[in-house]
Amino acid sequence: MTRTAIVTGAARGIGAATAIRLAAEGHAVGVLDLDEAACADTVSAITEACGRAIAVGANVADGAAVAAAVARVAEELGAPTILVNNAGIIRDNLLFKMSEDDWDAVLGVHLRGAFLMSREVQKHQVEAGWGRIVNLSSTSALGNRGQANYSAAKAGMQGFTKTLAIELGRYGVTANAIAPGFIVSDMTRATAERMGVSFDEFVGHMVADIPVARAGEPGDIANAVAFFCSEAAGFVSGQVLYVAGGPKA
Ligand code: NDP
């Protein structure tokens with residue numbers, strides 16, 4: 001069955017791979033990111049493969065922008081019943097050097113953003129009696145040096161997900177979280193830069209601790225998202241799936 005999906009932070013990285021994957025499953029996709037023009041590549045990858053997609057510019061932490069974005073997707077592609085809360089930023093620093101702005105910005109995009117998007121999209125899901133919400137957590141939820149803000153946000157995503165699962169289950173809506181390990185993207189490139197090492201060196205260092213002995217790719221996460229969004233996953237809700245090339249607690 002074909003649905004309408006919204007993927008946030010879909011201009012690049014994991015979000016772009018996820019949007020393209022959901023379109024390949026037959027869904028129409030609202031490709032949402034801060035800058036509408038930056039979504040062009042993801043949208044053309046979908047339309048060139050005969051899928052349906054539109055670019056939507058919105059800051060997920062801004063309530064009015066979120067309401068307008070969801071309304072636009074509903075009007076142009078049909079009521080959105082699949083939501084992937086993927087938009088994210090990092091502002092890493094050790095606790096004693098972390099500014100209030102670094103704290104607020106990270107919690108704002110991940111937690112407030114996922115809250116605002118989910119609150120807006122659930123109206124359409126409840127009306128349809130069907131829905132899928134997938135939230136991007138991280139292995140950093142288990143704690144990671146230099147990421148007090150990010151790990152708090154990513155652990156928060158897990159509690160948020162479980163509560164959505166409890167509240168929305170009776171309306172046919174499932175909510176699950178994916179906690180990626182090390183994935184090659186602009187975000188991890190920025191981490192290498194901050195640490196003052198080349199990306200190749202950084203990848204080598206990270207891969208040494210990954211049981212499957214390779215770095216993750218955005219497509220690895222998109223595959224897991226596609227499962228949670230499928231009709232077949234209707235009895236799977238409130239779960240956190242670590243997609244990290246090995247076991248995580
Ligand atoms: P990227 O930095 O490559 O992409 C994130 C996207 O989110 C960017 O296009 C960015 O836009 C967009 N974005 C940022 N802030 C907002 C906002 N306020 N509103 C709308 N869009 C926004 O990240 P990844 O693809 O690596 O990560 C995707 C998700 O996966 C994130 O939630 C991340 O925390 C999580 N994750 C990633 C891991 C990894 O190893 N890469 C590991 C674990 C989790 P812009 O370019 O304009 O800033």
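Residues are classed here by relative accessible area, with buried meaning under 20%, exposed over 50% and partly exposed in between (1.4 Å probe, protein chains only). The structure is a predicted model, in which local features need pLDDT of at least 70 and side-chain atom pairs count only at pLDDT 80 or more, whereas totals for chains, interfaces and linings use all residues. Residues are numbered from 1 along each chain as its sequence is written, and side-chain values use heavy atoms, with hydrogens and water left out.

Secondary structure elements are DSSP runs numbered from the N terminus, namely helices (H or I, at least four residues) and strands (E, at least two). R21 is situated in helix α1 and is partly exposed, its relative accessible area being 26%. Contact is taken to mean heavy atoms within 4.5 Å. When residues up to four places away in sequence are not counted, R21 touches A222, N223 and A226. Between R21 and F228 the separation is 207 residues in sequence, while the C-alpha to C-alpha distance is 13 Å.

The packing of α1 was examined next. Two packed helices are described by the angle between their axes and the distance between the axes. Axes are lines fitted to C-alpha atoms, for helices over the stretch in contact, and angles run from 0 to 180 degrees between N-to-C directions. The axes of helix α1 (residues 13-24) and helix α2 (residues 40-48) come within 10 Å, with a crossing angle of roughly 20°. Angles under 35 degrees count as roughly parallel, over 145 as roughly antiparallel, 65 to 115 as roughly perpendicular and the rest as oblique; α1 and α2 are therefore roughly parallel to each other. The crossing of α1 and α2 is right-handed, a term used if the near helix is turned clockwise from the far one by less than a right angle, with left-handed used if it is turned anticlockwise.

On the α1 side, A16, A19, I20 and A23 meet T42, A45 and I46 of α2. By class, this contact of α1 with α2 comprises six nonpolar, one polar and no charged residues. In this scheme Ala, Val, Leu, Ile, Met, Phe, Trp, Tyr, Cys and Pro count as nonpolar, Asp, Glu, Lys and Arg as charged, and the others, Gly among them, as polar. T42, in helix α2, is buried, with a relative accessible area of 3%. Leaving out residues up to four places away in sequence, T42 touches A10, A11, A16, A19, I20 and V31.

Another buried residue is Q147, at 6% relative accessible area; Q147 is placed in the loop between β5 (131-136) and α5 (148-168). Beyond its neighbours within four places in sequence, Q147 is in contact with I90, D92, N93, S140 and A152. Q147 and W103 are 44 residues apart in sequence, and their C-alpha atoms are 9.6 Å apart in space.

Backbone geometry was also considered. Most residues other than glycine have a negative phi. C50, although not a glycine, has a positive phi of about 70°; C50 is found in the loop between α2 and β3 (53-57) and is exposed, at 74% relative accessibility. A213 likewise has a positive phi, near 60°. A213 lies in the loop between α7 (199-207) and α8 (218-229) and is exposed at 54% relative accessibility.

With a disulfide defined as a pair of cysteine sulfur atoms within 2.5 Å, the structure holds zero disulfides. C229 is buried, with a relative accessible area of 2%. The cysteine sulfur closest to that of C229 belongs to C39 and is 18 Å away, too far for a bond.
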